[in-house]
Amino acid sequence: MEHIRDDRPVDLVAALARARSPRRPGPDTPAGPAVRAWPGPPRPIPEAGPAHLDLRALLRLSLAARDASGRLRPTPSAGALHPVDTTLLVGPGCPLPPGRYGYDPLRHRVHRLGTAPDVTPPGVTAELSVTARRTASHYGHRAWPLLLLDTGHAAAALLLAARALGAGEPEIRLDGLADTPLAAVHVPPPGRRDQDPRTGGAHRPRAPADTPAPHELLTRRSTPPPLRGTPPPEALRAVLTTAARAGGGDLRWCAAVGAPRPGLVEASADGTALRRRAAGEARPTLAAWAAGQAWLADAGAVLLAHGCPADADAPHIRRTHLRAGFAVHLAHLTARRHGLAARPVGSWQQADLGAALGAAPGRDWIVHGLALGTRHADEENTT
């Protein structure tokens with residue numbers, strides 16, 4: 001089995017090519033500690049004062065574990081391995097003194113790492129990096145796409161938590177230009193609109209009118225398979241539209257549906273209707289491409305993010321996968337609001353969707369997916 005080292009630079013282009021190949025991972029290896037070993041004593045996050053960002057609630061609604069095993073969290077992760085590590089740059093307007101902190105999601109505590117840069121804006125900037133060993137312990141050479149998708153999900157979870165708490169609208173950096181941190185989310189205190197100088201061209205999603213409630217975020221779980229039952233057209237259109245709006249310009253979105261008219265559908269340009277992109281039953285092929293997860297062949301629908309050609313460079317690979325995880329996370333909430341069961345699907349091999357539809361090979365690969373159905377079952381927070 002290939003071992004991934006966290007202290008060694010990764011050739012992301014080669015790593016993605018290996019992950020897309022049919023080669024199977026070897027036996028599991030030790031995942032190591034579930035949390036980065038931050039130095040110094042753990043500190044509780046104080047209660048927020050007037051006009052402060054409620055940092056304790058923000059992290060509770062987005063990244064914190066809610067059971068002793070660490071599995072139950074608002075943010076999904078491939079294999080429930082949770083490789084994303086969070087460093088907090090705290091500025092004015094927070095209950096913690098300004099500085100740099102490491103966050104422990106198992107104990108919901110922080111470790112002070114040092115002072116923050118002079119340009120640290122009000123509120124908090126969560127810098128997201130990964131401990132690759134955790135995911136590689138189970139997925140081996142397939143780990144790197146999953147690590148990036150998990151990071152995108154974590155960024156979206158922070159965005160939704162900020163909106164639920166009425167904080168300033170976050171700025172999200174998912175440009176893929178840096179290998180560490182992979183992403184950053186700046187959350188201003190309530191009423192503030194300061195731009196984080198480190199994320200100069202950062203994406204600031206428009207705050208929706210239907211702001212999520214805290215309980216929606218804590219009860220969002222990935223439904224275990226099977227996920228049967230075709231979603232109503234209006235619900236499927238809403239999920240596709242949410243994903244397309246959040247996914248950026250490098251990705252395209254469609255959904256595989258079954259009877260009575262099996263095929264691929266996508267949202268119209270204005271997001272008001274569904275249109276057919278291709279005819280024919282695609283779900284059994286998707287099941288084979290998704291690490292042989294046979295249950296996908298019977299899913300009510302499968303939302304697909306696709307793009308990221310075989311010759312993409314490392315920033316493009318990072319950007320598309322981060323964006324895909326981010327958009328699928330928001331689409332998952334939309335699916336739940338429409339009464340659907342949903343489960344992210346992150347591991348894809350030989351999933352050249354463009355070639356399967358008659359286009360040039362190597363140009364249009366599946367990056368991420370979200371299985372949808374109308375059946376509800378016991379819930380578990382794994383992808």
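Is C254 buried or exposed? C254 is buried, with a relative accessible area of 0%. This is a predicted model.

## Cysteines

The structure holds 0 disulfides. C254 is in no disulfide, and its nearest cysteine sulfur belongs to C308, 16 Å away. A disulfide is a covalent bond between the sulfur atoms of two cysteines. To count as one, the two sulfur atoms must lie within 2.5 Å. The sulfur of C308 is 16 Å from the closest cysteine sulfur, that of C254, so the pair is too far apart for a bond.

What about cover? C308 is buried, with a relative accessible area of 1%. C254 is buried too, at 0%. Both count as buried because the cut-off is under 20% relative accessible area.

## A positive patch

Which residues form a positive surface patch? They are R56, R60, R66 and R109.

Take R56, one of the four. R56 lies in helix 2, which covers residues 55-60. R56 is partly exposed, with a relative accessible area of 34%. Patch residues need over 30% relative accessible area, so R56 passes that cut-off.

## A loop residue and its distant partner

Where is L72 found? L72 sits in the loop between helix 2 and strand 1, and strand 1 spans 84-90. L72 counts as partly exposed, at 28% relative accessibility.

How many residues separate L72 and R221 in sequence? They are 149 residues apart in sequence. In space, L72 and R221 are 8.7 Å apart, C-alpha to C-alpha.

Key. Residues numbered from 1 in each chain as written. Predicted model: local features only at pLDDT ≥ 70, side-chain atom pairs only at ≥ 80, totals over all residues. Heavy atoms only, no water. Patch = residues over 30% accessible without salt bridge, like charges linked within 9 Å, V, L, I, M, F, W, Y side chains within 5 Å. Areas by Shrake-Rupley, 256 points an atom, 1.4 Å probe, with all protein chains shown as cover. Salt bridge = Lys/Arg side-chain N within 4 Å of Asp/Glu carboxyl O. Lys, Arg positive; Asp, Glu negative; His and termini not counted. Charge placed at Lys NZ, Arg CZ, Asp CG, Glu CD. Helix = DSSP H or I, 4+ residues; strand = E, 2+ residues; numbered from the N terminus. Buried < 20%, exposed > 50% of the residue type's maximum accessible area, 1.4 Å probe, protein only.
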